[in-house]
Amino acid sequence: MSMPKEDPSAMTVEETSSSAETGRPAAPAAQPLKPAPQSADGERAKEEDPEKKKKREEKAREKELKKLKAAQKAEAAKAPAALSKKAEQKAKKAAAAADDADAVDPPTTPGEKKLLAPEMAKSYNPNAVEASWYEWWEKSGFFVADPESKKPPFVIVVPPPNVTGALHIGHGLTGAVEDLIIRWRRMSGYNTLWVPGVDHAGIATQVVVEKSIMKERKQTRHDLGREKFVEEVYKWKDQYGGQICKQYRRLGASLDWSRECFTLDETRSKAVSEAFVRLHKEGLIYRDNRLGNWDCVLRTAISDIEVDYVDITRRTLRAVPGYDKPVEFGAITSFAYPLEGGEGEIVVATTRPETMLGDTAVAVHPEDPRYKHLHGKFVVHPFQNRRIPIICDDVLVDMAFGTGAVKITPAHDPNDFEVGKRHNLEFINIFTDDGLINSNGGKPFAGMKRFDARVTVVKDLEAKGLFRGVADNAMRLGICSRSNDVIEPMIKPQWYVNCKDMAKEACDVVRDGRLEIIPNQFEDTWFRWLENIRDWCISRQLWWGHRVPAWYVTVEDDARTEMGAYPDHWVVARDEVEAESLAKAKFAGKTFKLEQDPDVLDTWFSSGLFPFSVLGWPEATPDMKAFYPTSVLETGHDILFFWVARMVMLGLKLTGVSPFKQVFLHAMVRDAHGRKMSKSLGNVIDPLEVINGVTLEDLHKRLEQGNLDPREVEKAKAGQKADFPNGIAECGADALRFALVAYTAQAVNINLDILRVVGYRQWCNKLWNVIRFAMTNLGSDFVPSATIQPSSLPLSCQWILSVLNKSIDKTVKALEGYQFSDATTALHSWWLYELCDVFIEVIKPTMFGNDEAAKKATRDTLWLCLDTGLRLLHPFMPYLTEELWQRLPQQEGSQAKVSICVADYPAVNQEWTNDEAEADMESINAIAKATRTLRMAYELQPKLRPELYVVCRTERVAEIVKKGANEIATLSLSSSVKVLGEGEAAPLGCALGIVDENTTVNLLLRNVVDANVEISRLQKKRDDLIRQQDALQKKTSVAGYAEKVPEAVREENQLKSAKLVAELLTVEEATANFEKLLINSS
């Protein structure tokens, strides 16, 4: 097959122009536009379809643009012939501007369907493409779920982001994955509901706002007072809550905004009070005075799972909030307690010397012979002169560890707390809520910071001659995940949830299949945590959050009037009116005063109700009936305990069913170096910075406007400069979403490299040019056929539909199995390597040829591929696919969907499956690839198109090559393709390429390459093949080979041997060919 050099089919997708000479695509309407029918009096029919009216207006606008362009060109033509070079360039620019004007989208009224330019721009611009679509989707109600719908429901509640600030890239991953699922299900015929919301985030928000107030006004929350401080937090919520919603919209998240909620709004507050009251009535919520985790910076209790542990192997200095100098940890200090009456001493050791100020006992093992004479005796506190008993405890004390004597501080150590209860010891609290030594610590320590007191205690022990040494000590240091403060065990009256039975049922639903955890590797973690769960402390000493719905009743004749003095004076109620009623019944005939507990509830308590509180629980709302339980909970694996387990426990207890059927846990997003995202490292990324692009200077400005310590700001700037020296390039929402979803193959951590996102942005440009090529070559009058008979299509068309069918199958199966990365691979491979690299190239001769029947079949196939491929890709890349799909003409006689997001998701079509066509095209591609490899080796220019001779050693291969000669010639840039049998010789001067044992390509390069050089290259190839043969022969000739080596391995080696023999024969034939050429030339 020969091809002229100037054949326009040789243009790549990127090179194809949309100039007038090659044909322009139609206006953005689905079909050629026609005027609306007119009545007899010449007026348009009153019942004119709004879509047709819009198309008519677009057509008129297009005509106006063309008139303007024609006028500009006419003006340019009137210019004198003898224009200066400068004037000529100016005229060319004016003509180019006229061309570009056709590719600029006209302004669109917000909320209206986007108006598209009559021409496509020459390259993809994410900012232009992603404009206007979301407002139209939202206004059109595409995202709103109908509780009365007969479609099967599919429901996701968004993990509510904290209202503390803007979304980060981790939220971007959550949004990309959840929107992918929802859009796919929506297009697959489900009544989809994706509920948006933001979390009030008690501790996190209070911390951020406190820092902001201190930075801006040099005030604390106590300076403002509770009421004014809460007002400030609401201002923060209004600012950043709105920003979060804007970010989600920009990402393309198809959330049902009509159901937007906030965890502190009226409906959610009602649900929280109801849940608390119900659980209290069942005895599952109770109040107790026990040891818990205390944060001295935040001045509140925190739960066990909010404590991070740092392993320290030896004496180590660590920065602690509120201290100018680092504090030493990982040391164990020994000191002596003098025995009462001057009878000697007993030596103890501690990692926290300051706590000795609250010691109320020294424990020894009852069987330890060293201390039997001290049973029942006392030591004297060296600073307070208190008598401290020596007690016997075989539970805590290990005789072999240290001195065998243990100091006991029941108020500040979990183990000592239990000892204190067993032995009825005194509980002495020595700390204030902000971590100072209180009056119980005595002089001179009272008023000191706890870690300053540590140093002073050791010095004073030395001064009294009681210090016995210090040594390295491996330990686990508890750190608050919110404030970075060192946790202090403190006794406080708090509200607790008894989790034992609820945790057991949460395990049962996973074991019996009512709840599926994906990936299932996290099931073991689920069971391990729930089976070892402790009661959950749910009260927090904060001002921002849900007030505990409990009131303390102070009765007129109470001897003690401080809140909480009498544990039985609490009433739990939904509101103050109910509380007063309960108090009257409880203290009948008595005068009393009610005061609500000032504490607030743990944020995770209200978040634990989220899957059903967002649907209106505790009321039996239409949403609760239609959409509960929800379908899947998608979130990061880091909050499996914080949130997921608690939702399941509370859902089972309060609604009787698991709040969702599946849990999909995605990986944690880290930076390209594998580091955790941290503001102080400067590697936290706002999704909008990737979507819109950002300069390094603006990245720095964001740091300066935040709440970081000035020293941390400089460190963060250095990190930004190292990672983003040129800022971040504009990538668009679609490229970011696709990249994040592609990363989900990493189950635990995602090391996000922004350059990968940039790569997908370039792929978007490829997609853009594919449609641009199609619109140019389909023509403005093209209407796709209503039906296509695959068996009647050309080979390449049969093949592309068959591989598209496989891509559909792979994508849908991957989505169903939550293997989202596999879906992106299937889509990317089909679009790039099969549609763009092969199909678009092989159809160009047909598209520019004169065979109208073949041209029509090819155009129909191209349209079908693009329509199906865009719908298949839409959940991953919503903006680009909508824009491109809207430009495609509609199928003949079809009922057009107004938007791709409500179009049908592709399903496998058995009529498209064609294994024979796939096998044939695989062979054709292999031949073309081998030929292109030869071209690269000889550095042939694209315009040089030599003859190609294909040696076929089987009839089947020869048949395929003859049938696919046109495709091979096009893909390999050959002028013709000729089949040679095994006995036929290729012309002298052919370069040889081996496809497989049955196929060899011979590219005629006579007068193009040096025969001597080619002979030398072939000789090296021959030597390498002989070396491989010798190695394989040696391997298969060892004694016992036939008996010891598995049959499958022996068969594989036989195939290798046969392939080497065939390749060697081919190389020798090619060598002889070039040698003959040399002889004939001489």
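Is Thr858 buried or exposed? Thr858 turns out to be buried, at a relative accessible area of 2% (buried is under 20%, exposed over 50% and partly exposed in between, with a 1.4 Å probe and protein chains only). The model is a predicted one, where local features need pLDDT of at least 70, side-chain atom pairs count only at pLDDT 80 or more, and totals for chains, interfaces and linings use all residues. Numbering starts from 1 along each chain as its sequence is written, and side-chain values use heavy atoms, with hydrogens and water left out.

Thr858 sits in helix 26 (residues 852-873); helices here are DSSP runs of H or I with at least four residues, strands are E runs of at least two, and both are numbered from the N terminus. Leaving aside residues up to four places away in sequence, Thr858 touches Pro794, Cys797, Ile843, Thr846 and Met847 (contact means heavy atoms within 4.5 Å).

Elsewhere, helix 20 (residues 696-705) and helix 21 (residues 710-723) have axes that come within 10 Å and cross at roughly 155°; axes are lines fitted to C-alpha atoms, for helices over the stretch in contact, with angles from 0 to 180 degrees between N-to-C directions. Helix 20 is therefore roughly antiparallel to helix 21 (angles over 145 degrees count as such). Residues making this contact include Leu696, Leu699 and Leu703 of helix 20 and Val713 and Ala716 of helix 21.

Technical notes: Angles under 35 degrees count as roughly parallel, over 145 as roughly antiparallel, 65 to 115 as roughly perpendicular and the rest as oblique.
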